Amino acid sequence: MTADIIRTQIRQIRLESEATASFELWPVGEQYLPSFTPGAHIDIHLPGGLRRSYSLINNGGEPRHYNIAVKKELESRGGSSWFHDNARVGMTLDISLPSNDFELIENASHTILIAGGIGITPIISMISRLIELGSSWELHYCARSFAHMAFRDELRSLANCGKGAIHLYVDNLADHKRLDLSAIFGSAASTAHLYCCGPAGMLEAFIAAAKGRQPDTVHYERFAAANAAATDGGFEVKLARDGRTLSVPEGKSILDTLLDAGVDVPYACSQGICGSCVTTVLDGIPDHRDECLSDEQREANKSMMICCSGSRSKTLTLDL
Ligand code: FES
């Protein structure tokens, strides 16, 4: 085990809503868990070589354990079904150190948090921190129904112990109020910061509503890809260090092709979201489909996410 990997044990599993369960991960033996900032996530190494990222829910100051929540997905890519069908109290899991791509700005005049479904998970630790700071905040939380709304009671208690307010929205009640992003943005002070984590449609609406606002006051985190992966195939990948040239067939990503050929490359989300599979491009023009690189990085064509991006040129030469 490397210093970057921590062995943990599942000590508690709790049903948080009709389709969401939370898992408490405690360090094994003498290890301690590093602190983390609100919005942080860990990668969990699951059986079968799967690696999946999950937001940390609990307070990150001096954590004795890490708490994550996993939604039961009908079309699971492996992580959700493993946790819901196989995970048991007492099992051990290797995890990465926490990292954070969704940082909370702590000196905002007001914080507006918008969550959809399981997107509530990074938001909960943000709320705990805002309460610690005595800051003012409001949460807008959407779910299919109240039965699908994980952590509803905890959120109500959090709203009672600080300068916070929660607004809940459910899809299954026709006369229930609906999330109105333009009204939220319209009434937000210029010094307020807005955060969103939820499904792709919600994020697109959030990004559209944020147009014209100071970009550094707007923050979001994706947990599903906005673009379809490039799986048209019909090009070759030259591996500069390995020496081999591989044909990428229709229906497969570059990552699938490399794994099939026994090339060991890091990856986690397989959706172009997490950045784990970033690879240096030495020659050729990628067909970028990720959510990680900036526009400048995409235009430079010097790096790519091999899990979801393809090639516009007949051959891509990668630094592998
Ligand atoms: S594996 Fe997450 S971006 Fe490629």
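Q: Which residues of helix α1 (residues 79-86) are buried?
A: This is a predicted model, in which local features need pLDDT of at least 70, side-chain atom pairs count only at pLDDT 80 or more, and totals for chains, interfaces and linings use all residues. Residues are numbered from 1 along each chain as its sequence is written, and side-chain values use heavy atoms, with hydrogens and water left out. Buried means under 20% relative accessible area, exposed over 50%, partly exposed in between (1.4 Å probe, protein chains only). In α1, the buried residues are Gly79, Ser80, Trp82 and Phe83.

Q: What is the strand order of the open sheet of five strands?
A: Helices (H or I, at least four residues) and strands (E, at least two) are DSSP runs, numbered from the N terminus. Two strands pair if DSSP finds at least two bridges between them. Here the pairing is parallel, and the order is β9-β8-β7-β10-β11.

Q: Which strands are the edge strands?
A: An edge strand pairs on one side only. The two that do so are β9 (163-170) and β11 (218-222).

Q: Which residue in β9 is the bridge partner of Trp137?
A: Strand β8 (residues 136-143) runs parallel to β9, and eight bridges join them. The bridge partner of Trp137 in β9 is Gly164.
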